[in-house]
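Q: I would like to learn how to read ring contacts and helix packing in a model. Can we go through one case at a time?

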Amino acid sequence: MDSIVSIQNLKKSYGRTEALVDVNLELPKGKIIGLLGPNGSGKTTLIKILTGLLQQFEGEVKIDGMPISKDTKRVVSYLPDQLYYDSWMKIMDLKRYFMDMYNDFDEARFDELIQQFQIPKRDLIRKLSKGNQEKLQLAFVLSRNAKLYIFDEPIGGVDPALREIILETIMNYRNTDATILLSTHQIYDVEQLFDEVVFLKQGHVMLHQNLDELIAEKNKSLLEIFKEVFKYAR
């Protein structure tokens, strides 16, 4: 099987609002894929379906050959666009939780990341700065030997220095056989990372292509192509 994600005729509506319309995608294994589009394009809805947070939809969605279920959650490591843990917890308590929940959690990798980020292990999470809380969450996500990593706006709202640290850490510590699906508005910062890009617009897949081929075909940067495709989007 060459695809880690297989999507056929996926539809999702919220009342009369169509969030995803006849989405068909095959995401290959071992690639870094950009999920790009303006606000309201359906990116977050698609991510929530892939992570199992949204379970009501039409169509077929499979990850590693399995329908979305508790089994697919075992092969997906997800970094949401907001902090997902309780600030009253201690870092070591959260670490034990991850070790209990995920068989693929790499304790040595986590300890290495925490040391690299200079985060005291025994601190309460609420005592950490916002930047260190962001890095802590990234450490937990990357300490899993997952088959699919999903990052929802991992560099949104952070300063340029932290943005660089986050991107470098993702590239250096991910499972190299895994697929990364990364949603972002910061196209300039991530263009060189992507093997492929998916453009979503009003719930439709406008484009899914190898990035080098796309740039050669259009003779433009990814940012210029993005602006061209979405120039009328609101």
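Q: Which charged end sits over the ring of Y102?
A: This is a predicted model. The charged end of R144 is the one over the Y102 ring, 3.8 Å from its centre. Another such case is K12, which lies over the face of Y14 at 5.2 Å from the ring centre.

Q: How many aromatic pairs does the structure hold, and how is a pair described?
A: A pair of aromatic rings is described by two values, the distance of the centres and the angle of the planes. The structure holds eleven aromatic pairs. One of them is Y97 with F98: the centres are 6.1 Å apart and the planes stand at 75°, so this pair is edge-to-face. F105 and F110 also form a pair, with 5.8 Å centre to centre and 45° between the planes, and this one is tilted.

Q: Is F98 buried or exposed?
A: F98 has a relative accessible area of 6%, which means that it is buried, as the cut-off is under 20%. Y97 has 43% and is partly exposed. F105 and F110 are both buried.

Q: Which residues do ring pairs link into a cluster?
A: The cluster consists of Y97, F98, Y102, F105, F110 and F140.

Q: How do the axes of helix α4 and helix α6 cross?
A: The axes of α4 (residues 107-117) and α6 (residues 160-173) come within 13 Å and cross at roughly 155°. The two helices are therefore roughly antiparallel to each other. The crossing of α4 past α6 is right-handed.

Q: Which residues in α4 meet α6?
A: On the α4 side they are R109, E112, L113, Q116 and F117; in α6 they meet I165, T169 and Y173.

Definitions and conventions
Residues are numbered from 1 along each chain as its sequence is written. This is a predicted model: local features need pLDDT of at least 70, side-chain atom pairs count only at pLDDT 80 or more; totals for chains, interfaces and linings use all residues. Side-chain values use heavy atoms; hydrogens and water are left out. Rings of Phe, Tyr and Trp (its six-membered ring) pair if their centres lie within 6.5 Å; planes under 30 degrees apart count as stacked, over 60 as edge-to-face and the rest as tilted. Buried means under 20% relative accessible area, exposed over 50%, partly exposed in between (1.4 Å probe, protein chains only). A charge sits over a ring if NZ of Lys or CZ of Arg is within 6 Å of the ring centre and within 35 degrees of the ring normal. Axes are lines fitted to C-alpha atoms, for helices over the stretch in contact, and angles run from 0 to 180 degrees between N-to-C directions. Helices (H or I, at least four residues) and strands (E, at least two) are DSSP runs, numbered from the N terminus. Angles under 35 degrees count as roughly parallel, over 145 as roughly antiparallel, 65 to 115 as roughly perpendicular and the rest as oblique. A crossing is left-handed if the near helix is turned anticlockwise from the far one by less than a right angle, and right-handed if clockwise. Contact means heavy atoms within 4.5 Å.
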